[in-house]
Amino acid sequence: MDTRTGARLQMLAAAALFSTGGMAIKACHMTGWQVACFRSGLGALTLLVLIPGARRGWSRRTVLVGLA
(Lines give C-alpha, C1' and ligand atoms only; values in the text may rest on other atoms or scores of the structure.)
Protein backbone atom coordinates (compact mmCIF):
# COMPACT_ATOMS: atom_id res chain seq x y z
CA MET A 1 0.00 0.00 0.00
CA ASP A 2 1.18 3.47 -0.86
CA THR A 3 2.13 5.67 2.10
CA ARG A 4 -0.26 8.37 0.93
CA THR A 5 -3.12 5.88 0.76
CA GLY A 6 -2.25 4.55 4.22
CA ALA A 7 -2.17 8.07 5.64
CA ARG A 8 -5.54 8.85 4.12
CA LEU A 9 -7.05 5.66 5.54
CA GLN A 10 -5.66 6.52 8.97
CA MET A 11 -7.18 10.00 8.79
CA LEU A 12 -10.52 8.51 7.76
CA ALA A 13 -10.40 6.05 10.67
CA ALA A 14 -9.51 8.84 13.12
CA ALA A 15 -12.40 10.98 11.87
CA ALA A 16 -14.83 8.07 12.21
CA LEU A 17 -13.66 7.30 15.74
CA PHE A 18 -13.80 10.97 16.73
CA SER A 19 -17.32 11.29 15.37
CA THR A 20 -18.68 8.18 17.05
CA GLY A 21 -16.86 8.83 20.35
CA GLY A 22 -19.24 11.57 21.41
CA MET A 23 -22.25 9.39 20.69
CA ALA A 24 -20.76 6.50 22.66
CA ILE A 25 -20.04 8.73 25.67
CA LYS A 26 -23.59 10.08 25.68
CA ALA A 27 -25.01 6.56 25.46
CA CYS A 28 -23.15 5.31 28.55
CA HIS A 29 -24.43 5.86 32.06
CA MET A 30 -21.28 7.23 33.68
CA THR A 31 -20.72 10.52 35.43
CA GLY A 32 -18.52 13.22 33.95
CA TRP A 33 -15.68 12.33 36.32
CA GLN A 34 -15.84 8.66 35.36
CA VAL A 35 -15.74 9.49 31.66
CA ALA A 36 -12.81 11.89 32.15
CA CYS A 37 -10.84 9.33 34.17
CA PHE A 38 -11.52 6.59 31.64
CA ARG A 39 -10.44 8.77 28.72
CA SER A 40 -7.31 9.94 30.55
CA GLY A 41 -6.34 6.38 31.42
CA LEU A 42 -6.91 5.21 27.88
CA GLY A 43 -4.82 8.10 26.57
CA ALA A 44 -1.98 7.27 28.99
CA LEU A 45 -1.99 3.62 27.95
CA THR A 46 -1.98 4.61 24.29
CA LEU A 47 1.03 6.88 24.78
CA LEU A 48 2.89 4.16 26.69
CA VAL A 49 2.29 1.65 23.90
CA LEU A 50 2.87 3.89 20.88
CA ILE A 51 5.77 6.06 22.09
CA PRO A 52 8.73 3.96 23.26
CA GLY A 53 10.50 7.00 24.72
CA ALA A 54 7.66 7.45 27.21
CA ARG A 55 8.60 4.19 28.90
CA ARG A 56 12.23 5.13 29.54
CA GLY A 57 13.80 7.35 32.12
CA TRP A 58 11.17 7.53 34.83
CA SER A 59 12.46 9.29 37.92
CA ARG A 60 10.90 10.43 41.16
CA ARG A 61 10.41 13.87 39.64
CA THR A 62 8.61 12.38 36.61
CA VAL A 63 6.18 10.50 38.84
CA LEU A 64 5.48 13.61 40.94
CA VAL A 65 4.76 15.71 37.85
CA GLY A 66 2.53 12.96 36.48
CA LEU A 67 0.55 12.81 39.70
CA ALA A 68 0.13 16.57 39.77
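User: Where in the chain is confidence lowest, and where is it highest?
Analyst: This is a predicted model, in which local features need pLDDT of at least 70, side-chain atom pairs count only at pLDDT 80 or more, and totals for chains, interfaces and linings use all residues. Residues are numbered from 1 along each chain as its sequence is written, and side-chain values use heavy atoms, without hydrogens or water. pLDDT is the predictor's confidence in each residue, from 0 to 100. Helix α3 (residues 60-67) is lowest, at a mean of 84. α2 is highest, at 86. The chain's mean is 84, and 99% of its residues reach 70 or more.

User: What makes up the secondary structure of the chain?
Analyst: DSSP runs decide, numbered from the N terminus: helices are H or I, at least four residues, and strands are E, at least two. The chain has 3 helices and 0 strands. Its pattern is α-α-α.

User: How do you know what α1 should span?
Analyst: The expected span is 1.5 Å times one less than the number of residues. For the 25 residues of α1 that gives 36 Å; the end C-alpha atoms are 36 Å apart, so the two agree.

User: Where is the kink in α1 centred?
Analyst: On G21, at about 25°. The bend is the angle between axes fitted to the seven residues ending at a residue and the seven starting there.

User: Which helix gives the most to the lining of the largest pocket?
Analyst: α1, with 7 residues. α1 (3-27) and α2 (32-50) each supply at least two.
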